[in-house]
Amino acid sequence: MKVASGCSTLLLMLCLVLCGNLAVAPPSFAGGQIPYRQYTTDHGLAHSTVFRSFQDSRGYMWFGTEYGLSRFDGRRFENFEWYDGFKARQVLGFAETSDGAVWINTYDGVVHKYHRGRLQPVQDGGGQFPRSATDIYAGGDDTIWLISELSGLLVCLRNDSIYALSLDKGLHYPMPASYVRGKLESTSRINDVKPGPGNSLLIASSRGAYLYDDRGLHLLNTDPELNGIISGLDVAPDGSIWLGVYESLVRLTANGRIQRRYTHGLLRNSFVRQAIMDPFGQIWVGGKSFALGLIADDTMQDLSDELGVNNIEINDICIDREGNAWLATFGAGLYCVPDVHRRNYTSDHGLSNENVISITEDQDHTLWLGTHKGLCSLRNLEIGRISLPKQNLEAVLRSDRRIESLGVDSSGGVWVGRHSENLLIDKTGSISLIDTVGMYVFYADRSGRILCAGIEDQYEIVNDSILAFDSLALLKPLRVYAMYRHRSGALWLGLESGAARLTDDSLRVYTAENNCTDSRVNAICEDRQGRLWFAADDGLYCRRQDTWRRYGRKDGLNHEACTSLALDNSGTLWIGTIRGLHAMLDSTIILFNKQRGLLAEEVRTTYVDRSNKLWVGTTSGLSMLRPQRAIQPVRPAPPVYINSVAAFGRTVLEARGLELGHDSASFEIAYAGIGFNHPESIVFQHRLVGFDNDWQTSRSWTRDYNNLAPGEYDFLLRARIDNSPWSDPPAQLSIVIRPPFWQTWWFRSISLLLLLGAVYGAARYRVERRRRREMEQLEIRNQMMHLEKRALDASINPHFMFNALNSIQFFFNKREHLLHANTYLARFARLIRMILEDTHKDVITMEEELQRLRLYLELEKMRLGERLDYAIELPDDLDVDAITIPMLIIQPYVENAIWHGISPLKEGGKVSISIKAATQHQLVIEIVDNGIGVRASKAMRMENSLADDALAAEDSSRGMSITHERLDLLSRLSTQHSDVHIGDAAPGNTERPGTRVVIRMNI
């Protein structure tokens, strides 16, 4: 089908002619606005009227304001007040000496010096510095010069002495402070001072430009035109000198010859006060009657309108080391301009709508912009609106219709795709209606043919005719959103779900099964290495030799939803996402967002024109930047500084070492990375040696540490911005956490001494205790020996011996008892012999003790006859040969039972002895008699205290007492307790209660 056919074409052309809108000349608008950042008191600046800007050797920016002093690190303003040592109000100038001290000149004549974190006023020794000093300068030999503008003096502070240079007298001599304070009159005026070759000074004055060096003061140029008012000067890196004069700017060679004079309409009726060269070789020009100009490529242009400062007085221009221009204004704060070659276009600059969807360039270098509500053109940085035709036909054409796509064919025709109809604008400006369904994609392939992808069909345009693209019939079920013709001839397509490769007779679709995407592909491009890039809704995909790789957030993208792609002349790939523009340099991805001058975060389209300018369509307008300036090949690493450390809400450090107690081991370190072009792109790495095993990456400007163990640490800090290397060497802070007193060396030493003393004391005590115990045991053994002797004496007491001999005599007198007498005598002799043989023994076996006990009981049985009965009970498992006991332990109690309990009874009684083991190491001996009992026995002894039987009983009781003492001594010699318990055997029997003796003894 043709572009337009039959009656419909004729009717359309007629309506267009009648409407008179076939090709309306577009109105022109302003050439966009240069992006900048503005800082006022709302951002922390001390005052919105700024007189001077200055960058020190560390990279900080200083600003002298109407009311206070500010220092800026790119993120935060630090303002100095009276309690910081600032004793003035208006700041008029800055200078820096080789030791890093920043000198500050004030309107009140008080010079301050900031050095090593301290700000303090400087006394001149003879009075105040001149109140008329408007600026300050540090010479090459660290001489401080104050510019006294009105009196024509340069006041010099050197070695606490004041000197002055008078332009009138041309002398450099010591002067008293009274003259410096304004009493020396002068008809000259000093406007500016800059460093010259060596330690010389260049002076711009009302009488011309002067050079002051060791030879004295002389004119820099003798040209009569330059002997008048020189309003400002600057020295370029190549040594050339720029002089501001009335209505022009003059460039001198290093030896003072005029090289070129620049004039411009904006300099008319004005003096150039400043001419500052930036790192790109551009000259920033400021004047008294105009705001701002720029000389680039030997051409001067007015920047006032584009920056919006045409009605603002600019007091000072400063260029930092990154190339940013700082404009100090009267009442409007600070303007930071990173790149004057960037432009932003909104509806105020002529866009029909700020939602820019598509961009293309025709053969005449005109850019065509498709927006949400119409079509615009852009030429020579100025926007023109295209007035599309309006008529009342069935196919209604509205000029505010959304433009979906744009394409330029080989003949220069511009193809405009809209949702329900398409247009062709030829080189003459004629507009034709295309009778097809709306197109999402117009793509000009390598041969200049236009390929169209619509809602339902795909077409190929040949000789202004739209033909069905037969080979695309395979795509009938699919919707195409992007096209790209590969160098191999294959056509790559971005689909609603994945990508496709189309050749003459085959179609291959790539999805997640092939490591591609299952999301919509919005753009396709090819880089110099032959890699194909696909911008998809879920990330950026790269295909190289049938291998796919995905890029996402972890690789540096701010968002995975990629909307567009563009490749600049240097090979840099630009990726548009819904959260910013990204540039891919090798393996580094750099983010460009609103902070970097874009009008909005959401990027709709990107386009690189023939002059290598990058155009970015966003939801808030159109941005232009020059890739070669937006991205430096290798950016320098930002300088980093550790500013302060705060613990418990108070600052404990300012750029010095830190020492804290163990109870203050939680603190916050504040640091800065100096970067003004893109401060939001600074990335920090920090490491606390002794705590962190590796570098920790963060975008935060502070780092907290809590409850560190006592010890010595080193905090290391480095930073990078975009593709720069890391700061080297890193900033370093030594931190010492003092241990608690109980972990200090002196406390440990004292504790060790005390411990050694305690050990020594304990050892002495133990030795002494052991010695005392040995002495005690020795004494006990002596007592035992004495008691054993007494026990032996008690066991063979005279009464027993007497009674035994009487019994023997009785048996011998009774001849019928001679056999008993012999037996009795033999047993008595054996008992005596056993007792005497064992006197040298401490202990004897239980068997030996039982043998002696049986002999004694047999003798008593023979003496008392039927009046005595006895029994000895032993368990079968008791090994009496293995048990040893002290001798004569049992016999005294048995003897006491016979003498105290049974002998007083006429009918006699019985003594029972039982021996058993209570535990493995304790023996229980029980002696029971059925005699008169303990109480009756005591009463009887009291009545018969003089009788022989009573004396014998007393001897027996004495033997028991000795046994008690021996058992007590045995308990003291061992860890086990031995005791004796004596009581009634039958407490309920009042006549014969008997006696029970229980001996518990260690074995």
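Colleague: Which residues in α7 meet which residues in α8?

Modeller: This is a predicted model, where local features need pLDDT of at least 70, side-chain atom pairs count only at pLDDT 80 or more, and totals for chains, interfaces and linings use all residues. Residues are numbered from 1 along each chain as its sequence is written, and side-chain values use heavy atoms, with hydrogens and water left out. Helices (H or I, at least four residues) and strands (E, at least two) are DSSP runs numbered from the N terminus, and contact means heavy atoms within 4.5 Å. From α7 come His-820, Thr-823, Tyr-824, Arg-827, Phe-828, Arg-830, Leu-831, Met-834 and Ile-835, and they meet Glu-848, Gln-851, Arg-852, Leu-855, Tyr-856, Glu-858, Leu-859, Met-862 and Arg-863 in α8.

Colleague: By class, how many charged residues has the contact of α7 with α8?

Modeller: Ala, Val, Leu, Ile, Met, Phe, Trp, Tyr, Cys and Pro count as nonpolar, Asp, Glu, Lys and Arg as charged, and the others, Gly among them, as polar. The contact of α7 with α8 has nine nonpolar and three polar residues, and the charged ones number six.

Colleague: At what angle do helix α7 and helix α8 pack?

Modeller: Two packed helices are described by the angle between their axes and the distance between the axes. The axes are lines fitted to C-alpha atoms, for helices over the stretch in contact, and angles run from 0 to 180 degrees between N-to-C directions. For α7 (residues 818-837) and α8 (residues 846-864) the axes lie 10 Å apart, and the packing angle is about 145°.

Colleague: In what kind of crossing does α7 pass α8?

Modeller: A crossing is left-handed if the near helix is turned anticlockwise from the far one by less than a right angle, and right-handed if clockwise. For α7 passing α8, the crossing is left-handed.

Colleague: In what order do the four strands of the open sheet stand?

Modeller: Two strands pair if DSSP finds at least two bridges between them. Here β15 and β16 pair in the antiparallel sense over five bridges, β16 is joined to β17 by five bridges, and β17 (residues 208-213) to β18 by four. The pairing in this open sheet is antiparallel, and the order is β15-β16-β17-β18.

Colleague: Which strands stand at the edges?

Modeller: An edge strand here has a single partner strand, so one side of it is left without a neighbour in the sheet. The two are β15 (190-195) and β18 (216-219).

Colleague: Why is strand β16 described as largely enclosed by the rest of the structure?

Modeller: Buried means under 20% relative accessible area, exposed over 50% and partly exposed in between, with a 1.4 Å probe and protein chains only. Leu-201, Ile-203 and Ser-205 point one way from β16, Leu-202 and Ala-204 the other way, and all are buried. Strand β16 (residues 201-205) is largely enclosed because the buried share of its residues is five of the five.

Colleague: Which residue takes a positive phi in the hairpin of β15 and β16?

Modeller: The hairpin of β15 and β16 has five residues between the strands, while the hairpin of β16 and β17 has two. In the hairpin of β15 and β16, the residue with a positive phi, near 65°, is Gly-198.

Colleague: Is Gln-545 exposed or buried?

Modeller: Gln-545 lies in the loop between β49 (539-544) and β50 (547-551) and has a positive phi of about 55° although it is not a glycine. Most residues other than glycine have a negative phi, and most peptide bonds are trans. With a relative accessibility of 74%, Gln-545 counts as exposed.

Colleague: Which peptide bond is cis, with omega near 0°?

Modeller: The proline involved is placed in the loop between β65 and β66 (731-737). The cis bond runs from Asp-728 to Pro-729.

Colleague: What distance separates the C-alpha atoms of Asp-714 and Arg-687?

Modeller: Asp-714 is in strand β65 (residues 711-721) and counts as partly exposed at 27% relative accessibility. Its contacts, leaving aside neighbours within four places in sequence, include Arg-687, Leu-688 and Gln-732. Asp-714 and Arg-687 are 27 residues apart along the chain, and their C-alpha atoms are separated by 8.0 Å.
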